[in-house]
Amino acid sequence: MSVKIYHNPRCGKSRETLKLLEDQGLKPEVIEYLKHPPTSAELRDILGKLGLQPRELMRTKEAEYKENGLDDKSLSEAELIEAMIRIPKLIERPIVLANDKAAVGRPPESVLAIL
């Protein structure tokens with residue numbers, strides 16, 4: 001089974017989720033999304049698999065969210081996705097992709113449902 005994790009090694013939940021996957025005997029492809037943000041197409045695919053709108057996958061409490069005016073309700077889906085790629089810190093983490101599904105590891109155990 002092919003498993004990917006959009007991972008931030010400095011995030012406790014992300015580290016816990018990666019360990020949980022490894023404890024399941026999996027060797028996920030680790031994508032450090034702060035260094036290698038997803039493309040617009042990848043992010044749209046992830047959002048579709050999660051059944052979320054862009055703002056629902058954003059870390060709205062980060063200073064960059066307000067500083068960049070992303071709380072403006074008139075922004076389009078494309079504008080929000082572009083902001084997430086430009087400022088990957090705003091993407092909620094970790095995101096695990098497996099079996100053509102996606103899950104956010106909050107809590108880490110939630111990713112078990114897609115394995």
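Let me begin with a term: a nonpolar core is a set of buried Ala, Val, Leu, Ile, Met, Phe, Trp, Tyr and Cys residues joined through side-chain atoms within 4.5 Å, where buried means under 20% relative accessible area, exposed means over 50%, and partly exposed is in between, using a 1.4 Å probe and protein chains only. What we are looking at is a predicted model, in which local features need pLDDT of at least 70 and side-chain atom pairs count only at pLDDT 80 or more, while totals for chains, interfaces and linings use all residues. Residues are numbered from 1 along each chain as its sequence is written, and side-chain values use heavy atoms, with hydrogens and water left out.

With that in place, the largest nonpolar core has 23 residues, and those touching the most other members are Tyr6, Leu43, Ile46, Leu57, Met58, Leu70 and Ile95. Two or more residues each come from α2 (40-50), α4 (77-86), β3 (95-98) and β4 (101-104), and α4 gives the largest share, 5 residues. These element names refer to DSSP runs, numbered from the N terminus: helices are H or I with at least four residues, and strands are E with at least two. There is also a second, separate core of 11 residues, which includes Ile5, Leu20, Leu26 and Ala103. As general background, nonpolar side chains in soluble globular proteins tend to be buried together.

Let me now turn to one residue, tyrosine 65, which sits in helix α3 (residues 63-67). Is tyrosine 65 buried or exposed? Its relative accessible area is 5%, so tyrosine 65 counts as buried. If we set aside residues up to four places away in sequence, tyrosine 65 touches Arg55, Met58, Arg59, Thr60, Leu70, Asp71 and Leu90, where contact means heavy atoms within 4.5 Å. Methionine 58, with its neighbours within four places left aside in turn, is in contact with Tyr65, Leu70, Leu80, Met84 and Leu90.

Another cis peptide bond joins arginine 106 and proline 107, with omega about 0 degrees.

In the loop between β3 and β4 we find asparagine 99, whose phi is positive, about 55 degrees, although it is not a glycine. Aspartate 100, also not a glycine, has a positive phi of about 60 degrees, and at 63% relative accessibility aspartate 100 counts as exposed.
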